[in-house]
Amino acid sequence: DAGFVNDVVLTRDAAYFTDSQVQRLYRVPIAKDGTLGELQLVPITGDFQYTPGFNANGIEALPGGDTLIVVQSGLGKLFAVDAATGASREIALDVPVTNGDGLLLRGRTLFVVQNSDNRVAVLKLCHGHARVQRYLTSPDLDVPTTLAPFKQFVYAVNARFDRPDDSEADVVRLKPF
């Protein structure tokens with residue numbers, strides 16, 4: 001039953017973690033005063049079916065926190081997951097986001113880090129489907145795994161998994177619009 005806890009998103013009342021090896025999410029309730037509750041296991045059911053390799057990776061929450069978006073890294077699929085029940089439905093994509101890793105949602109724009117492809121896919125979400133609008137690239141990207149916004153930029157964090165010294169990790173500024 002050993003898994004691989006991979007990514008996290010915070011909502012107004014919980015932290016949700018993906019497990020890339022075991023078909024479940026971890027939920028840690030967060031009280032209004034910041035107190036953490038007991039760990040809860042949320043089985044992922046529905047359309048999202050795990051396959052050999054890396055599965056649930058990046059995670060993001062829709063406004064309100066009741067629905068989560070999770071990327072299946074190995075197959076490049078996206079899923080909407082009910083935060084309370086784990087029931088999932090596939091989000092139709094025009095192009096797979098293979099090697100999907102960190103996710104960032106800004107309005108109806110979803111950024112999907114494609115780690116070993118050294119790029120960030122910029123998708124437009126619309127009623128259960130998503131379309132790739134463009135890719136953000138830079139020669140400075142070296143296996144990016146996550147990203148964060150600041151003003152008009154997004155900043156990707158390089159993992160540089162292929163290098164023995166993790167002190168080489170750095171941050172790359174990308175202009176998304």
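This is a predicted model: local features need pLDDT of at least 70, side-chain atom pairs count only at pLDDT 80 or more; totals for chains, interfaces and linings use all residues.
**View 1. A four-stranded open sheet.**
The strands run in the order β1-β2-β3-β4 with antiparallel pairing. At the edges stand β1 and β4 (40-43), each with a single partner strand, so one side of each has no neighbour in the sheet. On average, neighbouring strands here are turned by 25° against each other, direction ignored; the axes behind this angle are lines fitted to C-alpha atoms, for helices over the stretch in contact, and angles run from 0 to 180 degrees between N-to-C directions. Strands (E, at least two residues) and helices (H or I, at least four) are DSSP runs, numbered from the N terminus. Two strands pair if DSSP finds at least two bridges between them. As a reminder, strands of a sheet pair through backbone hydrogen bonds, either parallel or antiparallel.

**View 2. β3 and its two partners.**
A hairpin of four residues joins β2 to β3, and these two strands pair in the antiparallel sense over five bridges. Alanine 15 stands opposite valine 28 in β3. On the β4 side, β3 and β4 are antiparallel as well, with four bridges between them, and leucine 25 stands opposite valine 42 in β4.

**View 3. The two faces of β3.**
Is β3 mostly covered or mostly uncovered? The strand is mostly covered, with six of its six residues buried. Buried means under 20% relative accessible area, exposed means over 50%, and partly exposed lies in between (1.4 Å probe, protein chains only). One face carries Arg24, Tyr26 and Val28, the other Leu25, Arg27 and Pro29, and all are buried.

A search of the whole structure finds three salt bridges, each defined as a side-chain nitrogen of Lys or Arg within 4 Å of a carboxyl oxygen of Asp or Glu. Side chains of opposite charge can pair when their charged atoms come close. Arginine 27 meets aspartate 13 at 4.0 Å, N to O. Arginine 27 belongs to strand β3 (residues 24-29) and aspartate 13 to the loop between β1 and β2, so the pair ties together parts that are 14 residues apart in sequence. With 16% relative accessibility, arginine 27 counts as buried, whereas aspartate 13, at 33%, counts as partly exposed. Another salt bridge links aspartate 19 to arginine 24, with the closest N and O atoms 3.6 Å apart; both residues are buried.

Aspartate 66 sits in the loop between β6 (56-61) and β7 (67-72), and arginine 12 in the loop between β1 (5-10) and β2 (14-19), so the pair ties together parts that are 54 residues apart in sequence. Aspartate 66 counts as exposed at 52% relative accessibility, and arginine 12 counts as exposed at 60%.

**View 4. The largest pocket.**
This pocket has a volume of about 240 Å³ and a lining of 14 residues, with Leu62, Leu125, Cys126, His127 and Gly128 nearest its centre. β9 (87-93) and β12 (119-126) each supply at least two residues of that lining. By class, the lining has eight nonpolar, four polar and two charged residues. Nonpolar covers Ala, Val, Leu, Ile, Met, Phe, Trp, Tyr, Cys and Pro, charged covers Asp, Glu, Lys and Arg, and the others, Gly among them, count as polar. On a 1 Å grid over the protein atoms alone, a pocket is an open set of points where a 1.4 Å probe fits, with protein on both sides within 12 Å along at least five of seven lines, and lining residues have an atom within 4 Å of a point. Grid points are joined across faces, edges and corners, and a volume is the space filled by probe spheres set on the points.

**View 5. The second largest pocket.**
About 160 Å³ of space lies here. Among the lining residues are Phe4, Phe54, Asp101 and Phe161. The lining divides into three nonpolar, six polar and one charged.

Note on methods: Residues are numbered from 1 along each chain as its sequence is written. Side-chain values use heavy atoms; hydrogens and water are left out.
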